[in-house]
Amino acid sequence: MKNLGRNRAFVTLTVADLFETIGTSLFNIILLTYARTFAQANLMVSLVSVATVLPGIFGMLTGRLADSQTNKRGWLAGLKFVQAALYLVLAQLITEKQVGLLLIIIVINLCSDVLGMLSGSLRMPLLQAKVASELQEEALGIN
């Protein structure tokens with residue numbers, strides 16, 4: 001663990017992953033709470049729940065796309081900025097209570113979650129390249 005703590009690449013990737021997980025989880029909770037305020041709350045919460053699980057279906061596609069990228073570090077950084085921008089847009093949109101707007105928010109959140117899966121697929125090869133082989137299992141477990 002001490003050796004991993006000294007590995008700058010591992011610490012950076014792990015902290016980025018931690019913040020992404022916290023941000024995604026908090027926004028999904030906020031989105032579910034927002035969906036509950038509508039007249040058709042059960043339908044809206046169901047739509048949000050399905051959209052939250054749906055990115056898992058794209059896991060194989062995002063993995064293949066990540067494997068085909070040559071500049072994984074650049075793609076990873078770019079995706080984080082795009083995700084942050086999407087969350088800023090979502091924060092502005094969520095102030096209004098309209099069904100059409102909720103559907104747009106759900107689609108944007110879905111896109112952000114798929115980008116998050118893609119960034120997760122980009123992180124693995126970077127960890128494998130930057131962490132010594134005897135520490136990789138521990139690093140992947142922590143990450």
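The tour goes from a pocket to a helix pair and then to an aromatic pair.

This is a predicted model, in which local features need pLDDT of at least 70, side-chain atom pairs count only at pLDDT 80 or more, and totals for chains, interfaces and linings use all residues. Residues are numbered from 1 along each chain as its sequence is written, and side-chain values use heavy atoms, with hydrogens and water left out.

Select A9, T12, L13, A16, R73, L76, A77, K80, L126 and K130, which line the largest pocket. A pocket here is an open set of points on a 1 Å grid over the protein atoms alone, where a 1.4 Å probe fits, with protein on both sides within 12 Å along at least five of seven lines, and lining residues have an atom within 4 Å of a point. The space in this pocket is about 230 Å³, a volume being the space filled by probe spheres set on the points. Helix 2 (8-35), helix 5 (72-93) and helix 6 (99-130) each supply at least two lining residues, helices being DSSP runs (H or I) of at least four residues, numbered from the N terminus.

Next, show helix 5 with helix 6, whose axes are 9 Å apart and pack at about 155 degrees, on a scale from 0 to 180 degrees between N-to-C directions of lines fitted to C-alpha atoms over the stretch in contact. The two helices are therefore roughly antiparallel, a term for angles over 145 degrees.

Finally, the whole structure has 2 aromatic pairs, meaning Phe, Tyr or Trp rings (six-membered for Trp) with centres within 6.5 Å. F27 lies in helix 2 and Y87 in helix 5, 60 residues apart.

Definitions and conventions. Angles under 35 degrees count as roughly parallel, over 145 as roughly antiparallel, 65 to 115 as roughly perpendicular and the rest as oblique. Rings of Phe, Tyr and Trp (its six-membered ring) pair if their centres lie within 6.5 Å; planes under 30 degrees apart count as stacked, over 60 as edge-to-face and the rest as tilted.
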